[in-house]
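I am opening a notebook on this structure. The entries below follow the order in which I looked things up.

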Amino acid sequence: MPKMKTKSSAKKRFKVTGTGKILAGQAGKRHGMIKRSTKFIRTARGTTTLSKADEQIIKPMMPYARKK
């Protein structure tokens, strides 16, 4: 049986945690920071976990990531 391929775009953008959740960078922080509130900028630091619906889209793209 040949190896399954991981989507390169997915492996660059997402990380799977030990419990099987998927971490992704926060959206909406590339440009236009002047119009955004300070609270929005502060709370959008770092990474966030994806919702269940989005998780189901990404998990098949990363077949060798940890699953739980």
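**Entry 1**

I began with K39, which is exposed because its relative accessible area is 57%; buried means under 20%, exposed over 50% and partly exposed in between, with a 1.4 Å probe and protein chains only. The model is predicted, local features need pLDDT of at least 70, side-chain atom pairs count only at pLDDT 80 or more, and totals for chains, interfaces and linings use all residues. Residues are numbered from 1 along each chain as its sequence is written, and side-chain values use heavy atoms, with hydrogens and water left out.

I placed K39 in helix α2, residues 38-43. Helices (H or I, at least four residues) and strands (E, at least two) are DSSP runs, numbered from the N terminus.

**Entry 2: K29**

I found K29 in the loop between β2 (22-25) and α2. K29 is partly exposed, since its relative accessible area is 31%. Leaving aside neighbours within four places in sequence, K29 is in contact (heavy atoms within 4.5 Å) with I41, A44 and R45. I also looked up K29 against M1: they are 28 residues apart along the chain, and their C-alpha atoms are separated by 42 Å.

**Entry 3: the salt bridge**

How many salt bridges does a search of the whole structure find? The search finds one. The term means a side-chain nitrogen of Lys or Arg within 4 Å of a carboxyl oxygen of Asp or Glu. The partners are K59 and E55, with their closest N and O atoms 3.8 Å apart. Side chains of opposite charge can pair when their charged atoms come close.

Is E55 buried or exposed? I noted E55 as buried because its relative accessible area is 9%, while K59 is partly exposed at 24%. E55 is in helix α3, residues 52-58. Not counting residues up to four places away in sequence, E55 touches G20, K21, I22 and L50.

**Entry 4: T47**

T47 lies in strand β3, residues 47-49, and counts as exposed because its relative accessibility is 52%. Apart from neighbours within four places in sequence, T47 is in contact with L23, A24 and G25. T47 and P60 are 13 residues apart along the chain, and their C-alpha atoms are separated by 21 Å.
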